[in-house]
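Visitor: Please take me in for a close look at one part. Where should I start, and what lies beyond?

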Amino acid sequence: MINQMETSFPKNKINILLLENIHPLAREMFQKEGFHVESLAGSISHAELEEKIKDVSVLGIRSKTNIDAEILDNAKRLLCVGAFCIGTNQIDLTACSLKGVAVFNAPFSNTRSVVELAIGEIIMLFRGVYEKCQKLHNGIWDKSAKNNFEVRGKKLGIIGYGKIGSQLSILAEDMGMQVYYYDIVEKLALGNAVKCNSLKELLSNVDVVSVHVDGRNDNYHLIGPEQFTKMKPGVLLLNLSRGFTVDIEALVANLQSGHVRGAAIDVFPEEPLNNQQIFQSKLRHLPNVIITPHIGGSTEEAQEHISRFVPSKMIDFINSGSTIMSVNFPNLQLPEFNQANRLIHIHTNVPGMLAQINHILASNGINILGQYLKTTDEIGYVITDIEKNYDAKILDEIKKIPNTIKFRVLY
Ligand code: NAI
């Protein structure tokens, strides 16, 4: 017979690796739980991560670290990955599921920050502030009203009416802008916003285009040479979504020809891995182009919010098995149950798994105190609470059930 201390893993042996300068609050939260935490300021190379991941149980990343099948092949101890950002396209979610690795993110935490930057940039672009500011820094007093406009009454076209796009719609309308939006999914118009039935309809109507689509592969070069020809001459373009959604070559050509009068770009097809690398882009040194180093969501408020939200979900997962708001695992909210041992079984989603687990327990005379099962297309997630004393051989038997991906005793 064995007890909890012999089966569950001591917390200080759980190694947590935080990359990409994640807010110190996250480290504090994990340390408070008794985990061992290593926090690095930048991202590391794929090869370095392949090596380092071998000892890691919990990994925290932001948008620059790619988690692919090769990394996962080495991640024998990995329980979960936290994306301390909104998007999870940098993570191969299917591969994670099939390795029994739960992924968490912070889908809402920095949306307001992105919206506020977009609002500021729309005003700056209409007023040509960036160019005038640079001139003045060089001693040139260029006082003129020519080509300076108020935003009131101008038409803003929002592509992607999700969490960010729809908030931008409300704030922009509050400033007196007329909002048009286009989304591939049916979305309710907020305020007086006008829904467009096609991208073309939106592009040909508006004075400023702001891209807020998600990072799905289809959105590669969503705005390219053809789309620029549909836009009104003198249009302004903002992209604070994903770098690959706008064809930079086409944007540069349209800025140089004057067809696009200004742009604010926060995300780029290639971004430096850390603050030491030089940023290379044809957008550098173009007039009336505001370029920012992917800081749309980077405010103290958003970082703090993210750094509380993601660890809290991961700690719940480690401590109780709860998967609420996991992006790839079936979502289960579980009570902590001190009178029992909790077994967590992750398997490929094939019929009969629950029956096999229960058969092993029953044939060893073990009483089930509670059981929860949920599946996705790929995996099944079973939590079984059993009475405290049991024979360790059942653990081996359960581990050996064909199609088992991961099995652990929680407490
Ligand atoms: P979301 O998932 O709530 O909204 C995206 C919307 O775009 C959805 O309604 C979707 O149906 C729509 N969509 C997708 N493809 C489309 C297409 N081709 N045409 C029209 N609509 C399309 O995402 P959320 O939270 O609003 O984020 C939007 C983007 O902003 C994401 O790409 C995200 O990664 C990025 N982001 C950038 C940040 C930054 O620092 N610059 C910070 C936070 C998010």
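Guide: Start at N219. An N or O atom in the side chain of N219 lies 2.8 Å from a nitrogen atom of the ligand. That is a polar pair (N or O atoms within 3.5 Å; within protein, one must be able to donate a hydrogen and the other to accept it, and residues adjacent in sequence count only if both atoms are side-chain atoms). This is a predicted model, where local features need pLDDT of at least 70 and side-chain atom pairs pLDDT 80 or more, while totals for chains, interfaces and linings use all residues. Residues are numbered from 1 along each chain as its sequence is written, and side-chain values use heavy atoms, without hydrogens and water.

A polar backbone atom of V213 is 2.7 Å from an oxygen atom of the ligand. At I184, a backbone N or O atom sits 3.4 Å from a ligand nitrogen. On its own the ligand has 870 Å² of accessible area, and the protein covers 90% of that. Such areas come from the Shrake-Rupley method with a 1.4 Å probe; for residues, only the protein chains shown count as cover.

Widen the view. There are 28 residues around the ligand (a heavy atom within 4 Å). I164, D183, K187, V213 and N219 come nearest.

Next, the domains. The bounds come from an automatic or database assignment. That assignment gives domain 1 (1-110 + 299-333), domain 2 (111-291) and domain 3 (337-411). Domain 1 and domain 3 meet: 24 residues of domain 1 are in contact (heavy atoms within 4.5 Å) with 25 residues of domain 3.

Look at the largest nonpolar core, with its 32 residues. A nonpolar core is a set of buried Ala, Val, Leu, Ile, Met, Phe, Trp, Tyr and Cys residues joined through side-chain atoms within 4.5 Å. Buried means under 20% relative accessible area, exposed over 50%, partly exposed in between (1.4 Å probe, protein chains only). I16, F30, V58, C80, F317 and Y381 touch the most other members. Helix α12 gives the most, seven residues. Helices (H or I, at least four residues) and strands (E, at least two) are DSSP runs, numbered from the N terminus. Domain 1 and domain 3 each supply at least three residues of this core. Apart from it lies another core, of 30 residues, and V213 is among them.

End at R342, in strand β13. R342 is buried, at 0% relative accessible area. Its side chain makes a polar contact of 2.7 Å with that of D385.
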